Amino acid sequence: MKRTWIFTLILSIFALSAAAKVNTAYQLSFDPEKHYVDVEMTVSGLEGPEALLKMPVWAPGYYLILNSPKHLSGFETTDAQGNPLKWERVGKTGWKVATEGNSEIKAKYRIFANRQSVGEAQVDEKKAFLPGNEIYLYVDGAKDAPATVTLNLPQQWQTVSTGLKPEGDNTWSATDYDLLVDSPIYIGNQAVKKFKLDGRDYEIAVAEVKDLDLDKYADEMGAIVTAASELMGHVPYDRYAFIWMGRGGGGLEHINSQACFSDEGLYSPERADHQRWLRFAAHEYYHLYNVKCIRPFELGPFDYDQENYTDQLWVSEGLTCYYEGALLQRAGLCTPEELMDIWAGFIRGLEKTPGRNVQPLWASSYDIWLNFFPSDGNSNDVLVSYYVKGPVVGAMMDLAIRDATDNRRSLDDLMRLLYNRYYLEKGRGFTTPEFWEAATEVAEGNPLQDIRDYVFTLKPIDYDKHLGVAGLRLDRDNWKLVEVADATPRQIKIRESIFGKK
Ligand SMILES: [Zn+2]
């Protein structure tokens, strides 16, 4: 066993040192009319007789098998001088190239890009949206390789928005493949508002600007960024792009950007609609902490070949939903009453879902690969979304931690502990037991058994017990949180800590 272990270690070190030399460079050209991206990939620093190039079948954050390789055509490969090299297919994700000992090879291929979702590529006359998972092949065993992307832009497109690092001459860079995949590029004629905050660069890019007040949006996003920075005590990026892509559904989080399709909320003068958009943007923004940095163990390094199962997406998504409202309130963008209504809305959503009595929260996470777009007619009866139950459990957890610690600690402390311990210190995700150990530590030894039960069993949520900690009760007739008349100073203190002073 020991010998095998040492042998494996030596192999790993060898593989790491080999991988460290690999560099990738991508040139992208476009045929907007026919929806194609033409990719020329140059790989240098290779060793050995062959290289396996692969394409992901999913986009982190978009928990669905996309089968992107089926949109790739015209694959061919040569050495640096242009002499053809042999290749063969390996499964649905791989192209194995006989490098003949060349340290540098080129691969060319086309991507048909005519799909609209936050995880899929779309190129048309107006724009190109390029999620990395559908564009870039990677060298198997060398995901650490740094990458550059050079864009050959059609004349009709003036503007490029991405979280990638600009290198000049229409070239951008990423330190490794995971970051490259996590940095979509939007190209078109979008309106852009740039601003600086605490020495970092921000950009709001809007595909359909109409008569939007981008200065106001910059102020609002700046306030949300500030609230999140104060919550976490650290900012892990140099630049961040808010990419709002025009009409459609969904948004996807990235560590240095967000790519969101817009709805009426972006444009509406109505406060409730506008707040809904701000919550959406705040949600995708807070994800840069919660899921990109604070992440379940299974979510990175990613296996791009297949489903990556975890029972903790209720943490990644549910607690992010919880912080949508919290960040808005702390940013001065919603009142205490409005935050209570946000909580009541989450609770109403859960209580109106029959599936809450059938599927436990952990399973909602684990089985997401089967249910990303639930299509069975009985979905509502047998499934509960972590977007629905997750924020409710998050809210009850915040109250339970405050109750256990006499309001000395809160969910904020748990997020900071996970960020500092697992992302900054250990550089990895946390296992499910580690999450609960951290939660118990923050709760000063209290195991938070109710909260565990809400995650792992079908136990109904005792709203009166938890809301009572903040001197609140649930009015089920009107789906409102109501302040109890005889609240104690402790209850009022906890309530004001969460919702702000009226
Ligand atoms: Zn989310």
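Tutor: The account below begins with the model, turns to the helix, and ends with the chain around it. This is a predicted model, in which local features need pLDDT of at least 70, side-chain atom pairs count only at pLDDT 80 or more, and totals for chains, interfaces and linings use all residues. Residues are numbered from 1 along each chain as its sequence is written.

The pLDDT, which is the predictor's confidence in each residue, from 0 to 100, averages 95 over the chain, and 96% of the residues score at least 70.

The part in question is helix α11, residues 386–404. Helices here are DSSP runs of H or I with at least four residues, strands are runs of E with at least two, and both are numbered from the N terminus. The expected span of a helix is 1.5 Å times one less than its number of residues. After α11 comes Asp-406, with a positive phi near 55°.

Beyond its neighbours within four places in sequence, Gly-318 is in contact with Tyr-386, Lys-389, Gly-390, Pro-391, Val-393 and Gly-394, where contact requires C-beta atoms, placed from the backbone, within 7 Å. Gly-318 and Lys-389 are 71 residues apart along the chain, yet their C-alpha atoms are separated by 7.1 Å. Gly-318 counts as buried because it has 29 C-beta neighbours inside 10 Å.

The wider chain supplies the context. Its secondary structure comes to 16 helices and 23 strands. Of its 502 residues, 44% count as buried. Among contacts with a separation of 6 or more, 67% join residues 24 or more positions apart. Along its principal axes, the C-alpha trace spans about 85 × 65 × 50 Å.

The domain assignment, automatic or taken from a database, gives domain 1 (22–189) and domain 2 (289–499). Their centres, taken over C-alpha atoms, are separated by 37 Å. The contact between them takes 11 residues from domain 1 and 10 residues from domain 2.

Conventions
Two residues are in contact if their C-beta atoms, placed from the backbone, lie within 7 Å. A residue is buried if 20 or more other C-beta atoms lie within 10 Å of its own, exposed if 12 or fewer, and partly exposed in between; C-beta atoms are placed from the backbone.
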